[in-house]
Amino acid sequence: MSQVTNGSPGPRADEAGSGRTAALLERAAGRDSQAWSDLWTELYHDGTLDVSHPPVLPALTDMAEGDDADTAASALHLAGALLGQADQRYETRDLRDRRAPEVARLPAAAHRWRRVTRDRNDYCHLLEAVLELEGDIPWGEELARGIVSEEYELECPDEDCSAVLWVVIGERGFFSTSEEYTLSDGVETHPLRPAAPGALDGLGRRLHGLALADGHEDVAHALAHAFGEATCPQCERRCSVVGQVIARSG
């Protein structure tokens, strides 16, 4: 076995980084939950994910196609985030072409696990992964984040108002408010206007239909509100919730 001595050059920084990444991927495949947190940290640089490590997507694809649901869900979440961010950066936009074999396999794995996942939040993250893996919805992460956290922090689209708009979707109710509702009682709220399921089209119709077909009626109900309208309590203008999600992510 070769050893590094004082008279020998040590490993280059990029080689050391690749070694750490490979070790974390191996730990993650071995169902080490802490490894996933460490892997995200290892890949984050200046607020974006580093997609330059060659072994990452192949390893994540193998885990996504495995038999452990938690490992697969974590792998799909990270793979989707990697591809989603790569699409938005000029120097990495060709990642889908360079990794075409893995990219072609990942959506099928996401759909496979989507159909059998019972945990609400895991299911939402899998829907997010589907959108990011397919590459057509750059704001899928923001959409899913609000469904999971049961709230969106948006902005009123009226240029004369521009109030911070909290949209609450979940156990606490379905309403909009312009105040930090968790800090005080008696804040003014307006009920959301959910989209009628029959009136949904495009992505809203697709996601709502998937959630119902997969037995996640609560997620479908939340999605109907996310694709519906909110009212700004300050200027009383109504706006599309998902429209403001797109504007905020843009």
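Is His45 buried, partly exposed or exposed? His45 is partly exposed, at 41% relative accessibility; buried means under 20% relative accessible area, exposed over 50%, and partly exposed in between (1.4 Å probe, protein chains only). The model is predicted, local features need pLDDT of at least 70, side-chain atom pairs count only at pLDDT 80 or more, and totals for chains, interfaces and linings use all residues. Residues are numbered from 1 along each chain as its sequence is written, and side-chain values use heavy atoms, with hydrogens and water left out.

**View 1. The whole chain.** The chain has 11 helices and eight strands. Helices (H or I, at least four residues) and strands (E, at least two) are DSSP runs, numbered from the N terminus. The C-alpha trace spans about 70 × 40 × 35 Å along its principal axes. Of the 250 residues in the chain, 45% are buried. Among contacts (heavy atoms within 4.5 Å) between residues at least 6 apart in sequence, 56% join residues at least 24 apart.

**View 2. His45 in strand S1.** His45 belongs to strand S1, residues 44–45. Its side chain reaches the backbone oxygen of Glu42 at 3.1 Å. This pair is a polar contact, defined as N or O atoms within 3.5 Å; within protein, one must be able to donate a hydrogen and the other to accept it, and residues adjacent in sequence count only if both atoms are side-chain atoms. Between the C-alpha atoms of His45 and Asp119, 74 residues apart along the chain, the separation is 30 Å.

**View 3. The largest pocket.** Rolling a probe the size of a water molecule over the atoms shows where empty space is left. The largest pocket holds about 250 Å³ of space. Of its 17 lining residues, Gly84, Gln88, Ile137, Pro138 and Trp139 are the closest to its centre. On a 1 Å grid over the protein atoms alone, a pocket is an open set of points with protein on both sides within 12 Å along at least five of seven lines, a cavity is a set where a 1.4 Å probe fits but cannot get out, and lining residues have an atom within 4 Å of a point. Grid points are joined across faces, edges and corners, and a volume is the space filled by probe spheres set on the points. At least two lining residues come from each of helices H4 (69–87), H7 (120–134), H8 (140–149) and H11 (241–249). H4 gives the most, with four residues. The lining divides into six nonpolar, six polar and five charged residues. Here Ala, Val, Leu, Ile, Met, Phe, Trp, Tyr, Cys and Pro count as nonpolar, Asp, Glu, Lys and Arg as charged, and the others, Gly among them, as polar.

**View 4. The second largest pocket.** The volume of the second largest pocket is about 160 Å³. Its lining includes Trp40, Tyr44, His77, Gln85, His125, Glu132 and Arg145. H4, H7 and H8 each supply at least two of the lining residues. By class, five are nonpolar, three polar and four charged.

**View 5. The cavity beside H10.** The structure holds one cavity of 30 Å³ or more. About 70 Å³ of space lies in the largest cavity. H7, H8 and helix H10 (217–226) are the elements that give two or more residues to its lining. Among the lining residues are Cys124, Glu128, Gly140, Ile147, Val219 and Leu223. Nine lining residues are nonpolar, one is polar and one is charged. In H10, seven of its 10 residues are buried, including Val219 and Leu223.

**View 6. His190 in strand S6.** His190 sits in strand S6, residues 190–191. It is buried, with a relative accessible area of 17%. Beyond four places in sequence, His190 touches Phe174, Phe175, Ser176, Thr231 and Pro233. The C-alpha atoms of His190 and Phe175, 15 residues apart along the chain, are separated by 5.3 Å. The side chains of His190 and Glu188 form a polar contact of 3.4 Å.

**View 7. His216 in a loop.** The loop between helix H9 (202–213) and H10 contains His216. This residue counts as buried, at 3% relative accessibility. Leaving aside neighbours within four places in sequence, the contacts of His216 are Thr117, Arg118, Asp119, Arg120, Tyr123 and Ala211.
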